Amino acid sequence: YVHVGVIVGGNNDYTDEFGNVVEVFDGESDITEISVGVKNGGKGDVSVKAGESFQLRAYVTPSDSKDKIVWRTADSSVARVDEKGMLQTVGAGKTTVTAYAPNGVKGELIVRVK
């Protein structure tokens, strides 16, 4: 028996069959593409030392979109990211930081921490 729920609205959460909270990005947005990089450092993956902080930037198409970007990290023991895209490296390893538009369009950045 599988329960399937339908969620209407913006960035909501639901729970999968294992009890994990999963975010749903099903809102309205004019964003069609996102690239992620370091502010003043260009686009692309980064290699940094533990304990460093730097500001990430989401390069969106269209560039004049005012939609809010939601930031997430795959492994918070390697790096954390706040709601404004400020990245704090924590420990050695590799993680993916993802920027989501309200409609689910996403851009990813690989962060390697030494």
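Analyst: A nonpolar core is a set of buried Ala, Val, Leu, Ile, Met, Phe, Trp, Tyr and Cys residues joined through side-chain atoms within 4.5 Å. Buried means under 20% relative accessible area, exposed over 50%, and partly exposed in between (1.4 Å probe, protein chains only). The model is predicted: local features need pLDDT of at least 70, side-chain atom pairs count only at pLDDT 80 or more, and totals for chains, interfaces and linings use all residues. Residues are numbered from 1 along each chain as its sequence is written, and side-chain values use heavy atoms, with hydrogens and water left out.

The largest nonpolar core has 22 residues, among which Ile34, Leu56, Ile69, Trp71, Leu87 and Val111 touch the most other members. Two or more residues come from each of β3, β5 (46-48), β6, β8, β10 and β11. The most, four residues, come from β6. In soluble globular proteins, nonpolar side chains tend to be buried together.

Of the 114 residues, 33% are buried. Contact means heavy atoms within 4.5 Å; among contacts with a separation of 6 or more, 50% join residues 24 or more positions apart. The chain exposes about 7200 Å², of which carbon and sulfur atoms supply 48% (Shrake-Rupley method with a 1.4 Å probe; for residues, only the protein chains shown count as cover).

Ile34 is one of the residues that touch the most other core members. Beyond its neighbours within four places in sequence, Ile34 is in contact with Ala58, Tyr59, Val60, Ile69, Ala99, Tyr100, Ala101, Val105, Lys106 and Gly107.

Val97 belongs to strand β10 and is buried, at 0% relative accessibility. Residues up to four places away in sequence aside, Val97 touches Leu56, Trp71, Arg72, Thr73, Val81, Leu87, Gly107, Glu108, Leu109 and Val111. The C-alpha atoms of Val97 and Leu87 are 9.0 Å apart, while the two residues are ten apart in sequence.

The strands may be followed next. Strands of a sheet pair through backbone hydrogen bonds, either parallel or antiparallel. Two strands count as a pair if DSSP finds at least two bridges between them. Strand β10 (residues 93-100) is joined to β7 by four bridges, and the two run antiparallel; here Arg72 stands opposite Thr98. Eight bridges join β10 to β11 (residues 106-113), again in antiparallel fashion, and Thr96 has Ile110 in β11 as its bridge partner. The hairpin of β10 and β11 has five residues between the strands, and Gly104 takes a positive phi near 100° there.

Five strands form an open sheet in the order β4-β3-β6-β9-β8, with antiparallel pairing. Its edge strands, β4 (42-43) and β8 (79-81), each pair on one side only. Strand β3 (residues 33-38) meets β4 through two bridges, and Gly37 has Lys43 as its bridge partner in β4.

Thr89 lies in strand β9 (residues 86-89) and has a relative accessible area of 2%, so it counts as buried. Its side chain reaches the backbone oxygen of Lys49 at 2.8 Å, a polar contact (a pair of N or O atoms within 3.5 Å; within protein, one must be able to donate a hydrogen and the other to accept it, and residues adjacent in sequence count only if both atoms are side-chain atoms). Beyond four places in sequence, the contacts of Thr89 include Val48, Phe54, Val78 and Val113.

Ser65 lies in the loop between β6 (53-61) and β7 (70-73) and is buried, with a relative accessible area of 12%. The side chains of Ser65 and Asp30 form a polar contact of 2.7 Å, and a polar atom of the Ser65 side chain lies 3.2 Å from the backbone nitrogen of Asp67.

Finally, confidence should be considered. The average pLDDT (the predictor's confidence in each residue, from 0 to 100) is 86, and 85% of the residues score at least 70. Over residues 5-9 the pLDDT is below 50, and this stretch has seven contacts beyond near neighbours in sequence. Where pLDDT is low, the predicted coordinates should not be read in detail.
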